[in-house]
Amino acid sequence: MSREEIPREKLLWMYETMVRIRKSEEEASRHFAQGKIPGFVHLYAGEEAVAVGAMANLRDDDVITSTHRGHGHFIAKGGSLKEMWAELYGKRTGVCKGKGGSMHIADLRKGELGANGIVGGGIPHAVGAGLAFKLSKSDRVAVAFFGDGASNQQNFHEGLNLASIWKLPVIFICENNQYQISLHYSKQQAIRSVAERGSAYGVPGVEVDGQDVLAVYEVVREAVDRARRGEGPTLIEAKTYRYLGHFEGDPQVYRKREEVEWWKKNKDPIELFKRRLLDMGIAKEEELRDIDSRVEREVQDAVRFAEESPYPNPEELYEDVFSTPTRGVLVWKWGSEVRSHG
């Protein structure tokens with residue numbers, strides 16, 4: 001399928017979803033600065049094309065694991081904007097009942113297995129999901145999002161190795177936003193790209209412009225098709241850029257303001273895609289402006305919902321600690337002997 005063969009409906013969904021992520025993140029930045037959002041917040045503005053280009057290839061029953069910068073993944077996978085905002089506010093109506101906050105958003109109903117405050121922490125979860133899909137002879141796929149810093153963690157290497165040996169349906173997507181907190185990626189790895197690391201494990205490594213949503217869509221589509229055919233994992237490195245600090249409140253002394261402005265002026269994923277849609281005759285400017293306005297109202301409704309929602313009651317503190325009613329009983333099989341421990 002060429003880019004011109006992507007249905008118009010999906011192309012407009014891509015644009016709208018990127019705008020939804022951007023407007024929500026900009027609003028989150030303002031609300032955090034006003035002291036309305038508790039805890040740590042890491043925003044995704046600038047990286048929208050990666051989440052949207054990837055998720056446009058997934059089915060509802062496919063799963064993802066996310067990072068500490070997970071709002072964009074959550075929105076693109078179809079998560080409720082109202083429930084996400086209530087979660088940011090720590091309210092009972094949040095997707096995790098206000099107990100997870102920004103870094104731990106999860107929604108199993110949507111195949112979002114969880115954002116994760118541990119660098120690379122979602123990779124083993126995605127590999128586990130991929131193993132489950134293979135053992136159950138399902139054609140579902142698992143996608144692990146992680147940053148360039150996570151490619152130096154053992155989770156990355158163990159996950160890639162296991163997925164390769166067992167030919168698991170896992171797509172590893174490295175969102176290389178240039179900085180590991182405050183250190184440019186060129187100063188923390190001797191090789192040119194994270195994608196090169198795939199060859200060490202017999203996994204195809206693909207590098208893609210993470211500001212081009214259609215380019216991301218195409219490489220992820222090939223990886224998903226390969227995984228569904230039972231041919232194993234793919235490592236994708238999307239070169240992207242975060243507009244805001246590593247965390248909200250980050251003074252960003254490690255990069256110049258001019259650098260950030262260059263990316264906004266020349267490589268903004270939404271503006272690039274908007275021009276593409278206009279050039280392709282997919283939409284007119286007024287139609288895209290209508291989408292912008294509708295999404296803006298949607299974000300404001302979500303913020304209002306969060307502000308007006310109640311906080312959890314103190315007696316709810318010990319609820320939702322376990323995901324199953326097993327109450328911590330562990331059962332495992334060792335040879336022919338079955339033991340229980342609880």
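**Strands, then helices**

Analyst: Let us start with one pair in this predicted model: Gly-205 has Leu-235 in β7 as its bridge partner.

User: Which strands are those, and in what sense do they pair?
Analyst: They are strand β6, residues 205-209, and strand β7, residues 234-239, which pair in the parallel sense over five bridges. Between them the chain passes through helix α7, residues 213-228, and this β-α-β crossover is right-handed.

User: OK, and what is the order of strands in the open sheet?
Analyst: The five strands of the sheet come in the order β1-β2-β3-β7-β6, with parallel pairing. At the edges are β1, residues 63-65, and β6, each of which pairs on one side only. On average, neighbouring strands are turned by 20° against each other, direction ignored.

User: How many bridges join β1 to β2?
Analyst: Three bridges join β1 to strand β2, residues 142-147, and the two run parallel. Within β2, Ala-142 is the residue that stands opposite Val-63.

User: Which helix lies across β1, β2 and β3?
Analyst: That is helix α5, residues 122-135, which runs at about 170° to β2. Helix α6, residues 154-165, also packs on the sheet, where α6 touches β2, β3 and β7 and its direction makes about 150° with that of β3.

User: Switching topic, at what angle do α1 and α7 pack?
Analyst: Helix α1, residues 8-33, packs with α7 at an angle of about 115°, and their axes are 12 Å apart. The crossing of these two helices is right-handed.

User: Which residues make that contact?
Analyst: From α1 there are Lys-10, Leu-11, Met-14 and Met-18, and from α7 there are Val-213, Leu-214 and Tyr-217. Sorted by type, the residues of this contact are six nonpolar, no polar and one charged.

User: What span should α1 have, and how far apart are its ends?
Analyst: At 1.5 Å a residue, the 26 residues of α1 should span 38 Å, and the end C-alpha atoms of α1 are 38 Å apart, so the two values agree.

User: And which residue follows α1?
Analyst: Gly-35 follows α1, and the phi of Gly-35 is positive, near 80°.

Key. Residues are numbered from 1 along each chain as its sequence is written. This is a predicted model: local features need pLDDT of at least 70, side-chain atom pairs count only at pLDDT 80 or more; totals for chains, interfaces and linings use all residues. Side-chain values use heavy atoms; hydrogens and water are left out. Two strands pair if DSSP finds at least two bridges between them. Helices (H or I, at least four residues) and strands (E, at least two) are DSSP runs, numbered from the N terminus. A crossover is right-handed if, with the strands pointing away from the viewer, the path from the first strand over the helix to the second runs clockwise. Axes are lines fitted to C-alpha atoms, for helices over the stretch in contact, and angles run from 0 to 180 degrees between N-to-C directions. A crossing is left-handed if the near helix is turned anticlockwise from the far one by less than a right angle, and right-handed if clockwise. Contact means heavy atoms within 4.5 Å. Ala, Val, Leu, Ile, Met, Phe, Trp, Tyr, Cys and Pro count as nonpolar, Asp, Glu, Lys and Arg as charged, and the others, Gly among them, as polar. The expected span of a helix is 1.5 Å times one less than its number of residues.
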